[in-house]
Amino acid sequence: MKRLYFFVILTACLLSLNARVALSDKVGNDRMLDRYLAYTLIESQSIDEPSMSSFPMTDGQREIARYIYDEIKAFGGKNVKVTLSDDFYVYVDIASNVKNAVPSILLMAHLDVTPEAPGKGISPIVHRNYDGGKIQLKDGVVIDPAMPQGAHLNDLVGKTIVTSDGTTLLGADDKTGCAVLVSLVEEIVKNPKFKHGRIMVAFSQNEDVGKAALRYDPTVFGDKPDIVIDVDGDTYDKFSIANFSAIGQSYLFKGNKAHPSHGKETKYADALTAAAYFIGLVPPELNPGQREGEQGYVHCYSMTHPLDENGAPVTSDYVVKVRLRYFDQSEGDYQKQLMAFNLAKTQSAFPFVEAMKTDDEMQYENVAYTMPTYLPVMIETAARNVGMPMTPRSERGGTTSAMMVARFPDVMPGGSGIYSGQQAEHSVYEWCCVEEMVQLVDFCESLITEVLNIK
């Protein structure tokens with residue numbers, strides 16, 4: 001009886017494995033490479049536009065959105081709906097093909113690449129059968145396995161590595177994630193025997209300038225997803241289960257040009273000194289240079305003149321911009337109270353200066369507050385299934401999911417950020433591994449299968 005039981009279990013495991021292998025065999029390394037290279041050649045850098053009310057869009061961003069929309073439409077599939085929005089987000093909705101109710105899943109990647117490094121005239125170089133040594137590029141740029149940007153290369157001898165020519169970024173952030181998710185959609189659409197619940201995929205814009213959620217339209221999918229996965233990470237063996245909550249604050253200090261010799265009589269408003277005093281009230285131990293792990297920080301990172309209606313600087317006035325970052329909500333409450341106290345103290349110390357808070361923007365929220373409790377274990381299980389072990393971590397930064405939760409707290413649960421294949425992002429050292437991207441498709445399939453086991 002025990003032998004029969006063992007045989008049944010072994011057969012079930014093999015059938016499950018064969019289902020994944022049969023599916024993943026359809027995306028080979030060359031096919032993934034071709035798809036990814038096509039994306040890199042589209043110059044889709046976003047613009048760091050200061051006004052958060054605007055939504056700048058470059059021709060390259062429009063081009064890659066149309067390209068991926070047309071690509072997915074060409075896959076066909078009667079249970080697949082593909083939408084290209086006016087703001088050039090691409091939404092893919094794949095209906096469930098199982099009878100019982102299972103959690104829905106939303107997977108995300110972003111179409112834009114950062115403006116923080118050169119991005120014009122990208123010339124990707126393919127390094128097949130990587131030999132384990134230094135990768136020499138133009139202008140003296142070297143990607144060395146002994147340096148932080150190249151450390152993961154030590155694990156990838158014999159694999160296919162893609163870099164830029166050293167004069168530009170590569171766009172691996174997040175075109176690797178885009179290539180993984182488009183490949184996943186193709187496999188699911190072309191393999192109707194693969195069982196799954198409802199799958200939603202969103203390709204956003206302007207993520208690298210902090211605006212991925214700004215024009216996201218939750219009504220396209222209608223229902224609130226149960227699970228959210230952001231395919232935009234840079235660490236192959238980690239996934240995020242928490243991140244900073246992030247608030248951006250702006251403070252205006254209005255002065256005047258009265259002569260300081262008779263400052264009290266003329267009500268001289270020294271906005272520069274008032275602004276400096278305000279900044280100096282932040283305890284040094286809260287500066288980001290002294291914080292680590294899950295410790296938040298208060299960062300006064302900019303002091304500039306505001307602009308008048310003609311775009312000219314108002315030299316008598318100053319704007320101070322502040323970042324509040326925290327993991328724990330009680331720490332966030334303390335930071336807000338501290339800054340309010342500091343502002344009141346500054347107003348008292350400099351009565352002729354008009355000091356006020358002008359902006360308080362929730363930039364991203366900690367996904368841990370609303371993430372399903374079963375998700376971390378499910379990700380670890382799915383990763384082990386494909387030989388790609390991952391462990392959870394807290395992220396000292398923000399993700400697309402965190403931006404979505406901040407903007408849509410009632411319709412978007414906290415999501416985890418997983419590896420997309422990108423390395424050394426936002427730099428001319430950027431690179432990726434093709435075989436890892438193929439393996440990440442396997443991981444996503446495994447994750448979707450694990451969803452079927454959630455009760």
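Guide: Two strands pair if DSSP finds at least two bridges between them. Keep that rule in hand for this predicted model.

Visitor: What makes β4 and β7 a pair?

Guide: Set the count against the rule. β4 and β7 (residues 161-163) are joined by 3 bridges. The rule asks for at least two, so the strands pair. They run antiparallel. Within the pair, valine 126 stands opposite valine 162 of β7.

Visitor: Which strands form the sheet that holds β4, and in what order?

Guide: The order is β4-β7-β18-β17, an open sheet of 4 strands with antiparallel pairing.

Visitor: Why are β4 and β17 called edge strands?

Guide: β4 (125-127) and β17 (422-423) each pair on one side only.

Visitor: Which helix packs on this sheet, and what does the helix touch?

Guide: Helix α2 (residues 29-40) does, touching β4, β7 and β18 (431-433). Contact here means heavy atoms within 4.5 Å. The direction of α2 makes about 10 degrees with that of β7.

Visitor: What is the order of the sheet that includes β11?

Guide: This open sheet of 4 strands runs β12-β13-β11-β14, with antiparallel pairing. Its edge strands are β12 and β14 (354-364), each pairing on one side only. Neighbouring strands are turned by 20 degrees against each other on average, direction ignored.

Visitor: What makes β11 and β14 a pair?

Guide: They share 9 bridges in the antiparallel sense. At least two are required, so they pair. Phenylalanine 253 stands opposite alanine 355 in β14. Helix α6 packs on this sheet and touches β11, β12, β13 and β14. Its direction makes about 160 degrees with that of β13.

Visitor: Which residues of helix α5 are buried?

Guide: In α5 (residues 271-280), Ala271, Ala274, Ala275 and Phe278 are buried. The cut-off is under 20% relative accessible area.

Visitor: How do you know that they line one face of the helix?

Guide: Look down the axis of α5. The buried residues fall within an arc of 100 degrees, so they line one face.

Visitor: How do you know that the radius of gyration agrees with a compact globule?

Guide: For 455 residues, a compact globule would have a value near 23 Å; the chain has 25 Å, which agrees. The C-alpha trace spans about 95 × 50 × 40 Å along its principal axes. Of the 455 residues, 52% count as buried.

Conventions. Residues numbered from 1 in each chain as written. Predicted model: local features only at pLDDT ≥ 70, side-chain atom pairs only at ≥ 80, totals over all residues. Heavy atoms only, no water. Helix = DSSP H or I, 4+ residues; strand = E, 2+ residues; numbered from the N terminus. Axes fitted to C-alpha atoms, helices over the stretch in contact; angles between N-to-C directions. Rg over C-alpha atoms; globule rule 2.2 N^0.38 Å. Buried < 20%, exposed > 50% of the residue type's maximum accessible area, 1.4 Å probe, protein only. Arc of directions from axis to C-beta.
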